[in-house]
Amino acid sequence: MNNASIDEVTFIAHKLIITMGIIMYVFGLIGNALNICVFTIWCRSHKQGNENNGNNRPSNSSLYLLTSSCANFILIIYPLLTRIVYDGFQYPKTPNNVIFTCKLRYYVLHTSDLISLTCICMATLDRYLISSRQARLRQLSTTPYRTKQIILLIIFVIGLHNISVGYYYEISDFDDCIISSERYLYYYLCIIQIFFHAIFPICFLSVFGTLTYKQLKLSSRTTIQLNFHMDKQLSRMLLLLCISILISSIPYCMGYTYLIAFNYINTKLLSYNLIIYFIAAVSFFANAVSSFYIFFISTPNFRRQVKKILQCNSIFFEKNNQINVITISPTV
């Protein structure tokens, strides 16, 4: 491939990350902000025993999904933004800004994404336990107080584990972020990147998502409970989210496997290798961006809650405008 073709492909790759990145950034921030509002309301309504949303008992899934949405919001607001700025617009990385461009960036990226994925896995497991026909399994579902302790433990363990990611990231001679330790590089690529971010969630969500789906089909034939409709909708939300994670994780896993197999990691990426790297990077953020839209399309209760939130904001905005008009009107 001649230099002109390489330059053209590289130009396309950078335009791809800019265009896709900005679209994902805007929609991701809006979606996760609304996710946080909805799941906060659901957690509070469960706690207060509010019967308006059709669920009379506490649900751990809302707590896990709230934590996942907060982690996704952080993932988008900082790591995705720096991805657009530094990889798309090619803003220079220097030893002076290495903390923000590499160390903190990759620490926040991997910590937020692992917290989000772990909470989704825990929510799927909780749905499986709750939907089980065996009382022994249903009793394994923890109380909301214990669930909060589990979430804090997840955040602490993952945050502690990923300190080494920030520690080993440095600026390379070709102005890119690389792992400075060759020994740690293989752990980072094989365990953190491929196993934790791809293989484990794919296997876990495939198994428990399938089991939950089968149990829901059985329950729909035999159960006529007041809470069943809400449980089914929440389970369907998680099942569709599991499918989305599986779809986004596969190209990410394949992309990084290709780069490792042909020894392109920690080297200057050009041509089609750069496009493969950017596609893997975009698919990494796909789950964080798409969760709200999956919930909104698939779940009537979620749509109703979002509309209530938007209507309340609209009424509040109109009232503020009326107050401002009255305030600035001249006295006769």
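Student: Is C177 buried or exposed?

Tutor: Buried means under 20% relative accessible area, exposed over 50%, and partly exposed in between (1.4 Å probe, protein chains only). C177 has 10% relative accessibility and therefore counts as buried. This is a predicted model, in which local features need pLDDT of at least 70, side-chain atom pairs count only at pLDDT 80 or more, and totals for chains, interfaces and linings use all residues. Residues are numbered from 1 along each chain as its sequence is written, and side-chain values use heavy atoms, with hydrogens and water left out.

Student: Which cysteine is joined to C177 by a disulfide?

Tutor: A disulfide is a pair of cysteine sulfur atoms within 2.5 Å. Here the partner of C177 is C102, with an S to S distance of 1.9 Å. The link is left-handed, at -80° about the S-S bond. C102 belongs to helix α3 (residues 98-131) and C177 to strand β2 (residues 177-179), so the bond ties together parts 75 residues apart in sequence. Helices (H or I, at least four residues) and strands (E, at least two) are DSSP runs, numbered from the N terminus. C102 is also buried, at 0% relative accessibility.

Student: Where does V26 lie, and how accessible is V26?

Tutor: V26 lies in helix α1 (residues 3-47) and is partly exposed, at 41% relative accessibility.
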